[in-house]
Amino acid sequence: MSVVFVPERLRGKAQVNPETLQRLLDENDQLIRCIVEYQNKGRATECVQYQHILHRNLIYLATIADATPATVQKTD
């Protein structure tokens, strides 16, 4: 099950920390590998469920990025 799946009663109460983000990125890496493997085997219909999870994960990450204040990095 996806890291970002949270029951309705718990939504908005989860803490976003670096470990959770890394787990999500690792999960996305694995999902992409599965999708590519299925596509290479000509089994595109099996990819759909993984593509949906990947899409949900990416939307979640984008939402976090949009909600996080931008930091200005100084260049020397």
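**Notebook: contacts, helices, cysteines**

I began with the contacts, meaning heavy atoms within 4.5 Å. Among those in the protein chain between residues at least 6 apart in sequence, 58% join residues at least 24 apart.

A note on the ground rules: this is a predicted model, in which local features need pLDDT of at least 70 and side-chain atom pairs count only at pLDDT 80 or more, while totals for chains, interfaces and linings use all residues. Residues are numbered from 1 along each chain as its sequence is written, and side-chain values use heavy atoms, with hydrogens and water left out.

**Overall count**

I looked up the secondary structure and found 2 helices and 0 strands in the protein chain. Helices (H or I, at least four residues) and strands (E, at least two) are DSSP runs, numbered from the N terminus. I then checked burial, where buried means under 20% relative accessible area, exposed over 50%, and partly exposed in between (1.4 Å probe, protein chains only). Of the 76 residues, 17% count as buried. The chain exposes about 6400 Å², and carbon and sulfur atoms supply 56% of that area. These areas come from the Shrake-Rupley method with a 1.4 Å probe; for residues, only the protein chains shown count as cover.

**Helix α1**

How far apart are the end C-alpha atoms of α1? I get 33 Å, which agrees with the 33 Å that its 23 residues should span at 1.5 Å a residue. The expected span is 1.5 Å times one less than the number of residues. At the N-terminal end, Asn17 caps α1, with a side-chain oxygen 3.1 Å from the backbone nitrogen of Glu19. For a polar contact I take a pair of N or O atoms within 3.5 Å; within protein, one must be able to donate a hydrogen and the other to accept it, and residues adjacent in sequence count only if both atoms are side-chain atoms. After α1 comes Gly42, with a positive phi near 75°.

I listed the buried residues of α1 as Thr20, Leu24, Glu27, Asn28, Leu31 and Ile35. Their cover includes α2. An α-helix has 3.6 residues a turn, so residues three or four places apart point the same way.

**Helix α2**

This helix covers residues 44-67, and its 24 residues reach 34 Å from first C-alpha to last, close to the 34 Å expected. Where does α2 bend? I find a bend of about 30° at Tyr50, taken as the angle between axes fitted to the seven residues ending there and the seven starting there. Cys47, Leu54, Asn57, Leu61 and Ile64 are the buried residues of α2, and they pack against α1.

I also picked out Gln51 in α2, which counts as partly exposed because its relative accessibility is 35%. Leaving aside residues up to four places away in sequence, Gln51 touches Ile35 and Gln39. Its C-alpha is 8.1 Å from that of Ile32, 19 residues away in sequence.

**Cysteines**

How many disulfides does a search of the whole structure find? The search gives 0, with a disulfide being a pair of cysteine sulfur atoms within 2.5 Å. Cys34 is in none, and the nearest cysteine sulfur, that of Cys47, is 9.2 Å away. Cys47 counts as buried because its relative accessibility is 1%.

Last, I looked at Val36 in α1, which is partly exposed at 39% relative accessibility.
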